[in-house]
Amino acid sequence: AMGGNHTQPKFILLGITDTPWAQAPLFGLFLLIYVVTLVGNIGLMVLVWVAPSLHTPMYFFLTHLSLADICYSTVISPKMLTGLLFGNKTISWAGCVTQFHLFALFATAECHLLASMAYDRHVAICHPLSYVTVVSPRACWQLLAWSYLVASLSALIYTGCTFGGSFCGPRRVDHFFCDASAVLRLACSNTRGSEAAILGLAAAHGLGTGAVILLSYGRILRTVLGMRSAPSRARAFHTCAAHLVSVSVFYGTLLFMYLQPASWHGSQDKVASVFYTVVSPMLNPFIYSLRNKEVKAALGKWRRRMLNDA
């Protein structure tokens with residue numbers, strides 16, 4: 001099936017732009033975003049780990065969301081950054097397959113983690129009395145395991161569909177990472193079946209997890225609007241709004257990318273891809289935690305402890 005791969009086992013990633021003067025500013029911008037992504041997400045994970053007050057299901061899911069964010073931005077950003085800095089655009093066949101496979105795995109897992117988090121908030125706000133029994137530690141681990149099991153199987157299918165055909169001619173991938181649509185455009189075998197399979201699976205994940213999120217927040221909204229006290233209504237509303245912003249950025253751009261046929265893809269894809277591969281992982285820890293009293297309290301406690309030790 002992999003005909004012609006041995007003659008030229010490399011791909012060339014054309015990157016975000018070929019405009020020479022734009023390379024340095026883009027490198028600076030994306031390096032900053034990547035560093036903030038690592039610091040924000042690792043910081044949140046460490047804080048949840050050291051603060052007993054944050055040992056709750058919500059923060060359990062948040063740390064795993066942070067881990068997924070770290071992983072899939074690391075799959076993409078360093079390669080993109082070296083391309084911008086050194087103009088080194090080649091990536092080996094194995095590198096290309098691995099990059100896409102890991103990206104597909106963590107992006108799919110993230111969809112299911114966001115759905116788990118929405119379900120967790122729904123139970124917490126709409127059924128507070130049964131929260132402890134419904135969202136038990138065991139249930140949290142089961143949801144996490146399910147997220148990664150589904151993501152692993154899906155990633156295998158996506159990768160098989162993307163790289164299973166034969167590639168001939170110039171292997172110039174018009175993208176900053178080995179994404180399915182950009183790679184499939186280079187295949188010289190018929191890709192219609194592969195495209196249909198990728199589209200179907202992406203739609204099932206996107207629409208399935210998206211429905212869970214929308215239903216959860218719909219119910220939350222109804223409960224919140226029925227609350228008597230204005231402060232608690234405002235607080236719950238605030239949390240939901242922040243979560244929905246994060247979900248909208250991630251899902252909006254993902255669905256824009258994967259729910260259109262390969263022939264429609266163009267340069268606007270790169271802009272859309274930047275949002276879910278680069279911007280979304282950076283924003284998540286801030287959107288989910290910084291507006292949060294519990295996180296602020298835990299940070300304050302930790303800072304006081306550090307100062308006392310010093």
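A salt bridge here is a side-chain nitrogen of Lys or Arg within 4 Å of a carboxyl oxygen of Asp or Glu. What you're looking at is a predicted model, where local features need pLDDT of at least 70 and side-chain atom pairs count only at pLDDT 80 or more, while totals for chains, interfaces and linings use all residues. Residues are numbered from 1 along each chain as its sequence is written, and side-chain values use heavy atoms, with hydrogens and water left out.

**Salt bridges**

- Searching the whole structure turns up 2 salt bridges.
- In one, the side chains of Asp120 and Arg121 come together at 3.1 Å, N to O.
- Asp120 and Arg121 are both buried (buried means under 20% relative accessible area, exposed over 50%, partly exposed in between, using a 1.4 Å probe and protein chains only).
- Lys270 and Asp174 also form a salt bridge through their side chains, at 2.9 Å, N to O.
- That pair ties together distant parts of the chain: Lys270 sits in helix α9 (residues 268-290), Asp174 in the loop between β3 and α6 (180-184), and they are 96 residues apart.
- Helices (H or I, at least four residues) and strands (E, at least two) are DSSP runs, numbered from the N terminus.
- Lys270 counts as buried because its relative accessibility is 12%, whereas Asp174 has a relative accessible area of 39%, so Asp174 is partly exposed.

**Strands**

- In a regular strand, side chains alternate between the two faces of the sheet.
- Two strands count as paired if DSSP finds at least two bridges between them.
- β1 pairs with strand β2 (residues 90-92) in the antiparallel sense, over 3 bridges, and Lys10 stands opposite Ser92 there.
- β1 also runs parallel to strand β3 (residues 172-173), joined by 2 bridges, with Val173 as the bridge partner of Leu13.

**Helix α3 and the annotated spans**

- Helix α3 (residues 93-126) has 34 residues and reaches 49 Å from first C-alpha to last, close to the 50 Å expected (1.5 Å times one less than the number of residues).
- Of the 34 residues in α3, 27 are buried.
- An unreviewed UniProt entry lists several stretches as "transmembrane region", including residues 58-78 and 90-109; UniProt positions use the numbering given here, feature names are shortened, and annotations may be inferred rather than shown by experiment.
- Residues 58-78 are 100% helix and 0% strand, with end C-alpha atoms 30 Å apart.
- Residues 90-109 are 85% helix and 15% strand, with end C-alpha atoms 28 Å apart.
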